[in-house]
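Q: I have a new model to read. Show me how to go through it, feature by feature.

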Amino acid sequence: MIANEHVNKTYKMGEVDLKVIKDLNLTIEHGEFVAIVGPSGSGKSTVLNLIGCLDKPTDGKITIEGIDVTVLNRTDLANFRGQNIGFIFQSFNLIPVLSVYENIEYPLIMIQNLPKDERHKRIMKLLEDVDMLDQKDKFPDQLSGGQRQRVAIARALVTNPKIVFADEPTANLDTDTSNQIITLMRNIQKEFNTTFIFATHDEKIVTAVDRIITLVDGVITDDKRVAS
Ligand code: ADP
Ligand code: MG
């Protein structure tokens, strides 16, 4: 479970304080499939980065899996992220000099000290899940956008994270590919009870989720459960 209590984020822009997130109170349960929506600049990515432990709030408390992540130092935060959290980005963020297989392997080498054969098993299973087994030796620039995002999804999932954050994951994809990617993530959520939190204004995602949180100027203006 994720709990935010009175979370604020202020960026200092020279003399000016830019209050981007204002008194955010938000709870997200295990296995939720939820979208944070709102106009560009409303703070969606900032919220994702805060609860994804990529950034720290100016004040307030963020608890994930019972741990107050706002008091962790950089190393502990990186470890916590490695054990619990996966990220998927709009621009895929694959490493160009690594093959598909190696891109998926990368977080395992960086974060979790798994034996090589165990790593291999996990990677092959995920390659199959995202339907990229036959592309495993290719490099990112040899793939389509949809294929790259499939690799990014596999990379986000390879550490068996409890929570996956996806920031505009379909923004660079066509409609059919977007729908396939959304279905893929939904299937993973159902199979493993993985929590998915999207920041998006893509209607295709908005209509696929169970809960829509609307953010305007750093404030939650609506939070509703929907039948999808
Ligand atoms: P969204 O994802 O909804 O488009 P963001 O969270 O990216 O919104 O940004 C919210 C606001 O915070 C914007 O006004 C943006 O310019 C500002 N902002 C985001 N990151 C920074 C930063 N590192 N430094 C200063 N301002 C930032
Ligand atoms: Mg954003």
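**Reading the model**

Q: Which residues is Thr200 in contact with, leaving aside its neighbours within four places in sequence?

A: Contact means heavy atoms within 4.5 Å. With those neighbours left out, Thr200 touches Ala35, Ile36, Val37, Gly38, Lys44, Glu168, Ile205 and Val206. A note on the source: this is a predicted model, where local features need pLDDT of at least 70 and side-chain atom pairs pLDDT 80 or more, while totals for chains, interfaces and linings use all residues. Residues are numbered from 1 along each chain as its sequence is written, chains are lettered from A and ligands numbered from 1 in the order in which they are written, and side-chain values use heavy atoms, without hydrogens and water.

Q: Where is the place of Thr200, and is Thr200 buried or exposed?

A: Helices (H or I, at least four residues) and strands (E, at least two) are DSSP runs, numbered from the N terminus. Thr200 sits in the loop between strand 8 (195-199) and helix 7 (203-206). Buried means under 20% relative accessible area, exposed over 50%, partly exposed in between (1.4 Å probe, protein chains only). Thr200 has 0% relative accessibility, so it counts as buried.

Q: How do I read helix 1 for burial?

A: Count its buried residues. In helix 1 (residues 44-51), 6 of the 8 are buried, so the rest of the structure largely encloses it. They are Lys44, Thr46, Val47, Leu48, Leu50 and Ile51. Just past helix 1, Cys53 has a positive phi of about 65 degrees.

Q: What is the strand order in the open sheet of 4 strands?

A: Two strands pair if DSSP finds at least two bridges between them. Here the order is 2-1-4-5, with antiparallel pairing. Strand 2 (16-28) and strand 5 (67-68) are the edges; each has a single partner strand, so one side of each lacks a neighbour in the sheet. Strand 4 (residues 59-64) and strand 5 are joined by 2 bridges. There, Thr63 is opposite Asp68. Helix 1 packs on the sheet and touches strand 1 (2-13), strand 2 and strand 4.

Q: How many aromatic pairs are there?

A: Rings of Phe, Tyr and Trp (its six-membered ring) pair if their centres lie within 6.5 Å; planes under 30 degrees apart are stacked, over 60 edge-to-face, the rest tilted. The count is 5. For Phe33 and Phe198, the ring centres are 5.2 Å apart and the planes at 85 degrees, so this pair is edge-to-face. Phe33 is in strand 3 (residues 33-37) and Phe198 in strand 8, so the pair ties together parts 165 residues apart in sequence. For Phe87 and Phe165, the values are 5.4 Å and 25 degrees, so the pair is stacked. Phe87 belongs to strand 6 (residues 85-89) and Phe165 to strand 7 (residues 163-167), 78 residues apart. Both Phe87 and Phe165 are buried. Ring pairs also join Phe33, Phe196 and Phe198 into a cluster.

Q: Which residues have the most contacts inside the largest nonpolar core?

A: A nonpolar core is a set of buried Ala, Val, Leu, Ile, Met, Phe, Trp, Tyr and Cys residues joined through side-chain atoms within 4.5 Å. The largest has 39 residues, and Ile104, Ile153, Met185, Phe196 and Phe198 have the most contacts inside it. Elements that supply at least two residues each include strand 3, helix 3 (100-111) and helix 6 (175-192). Helix 5 gives the most, with 6 residues. Another core lies apart from this one, with 28 residues, among them Val20, Ile21, Leu26 and Phe165.

Notes:
Axes fitted to C-alpha atoms, helices over the stretch in contact; angles between N-to-C directions.
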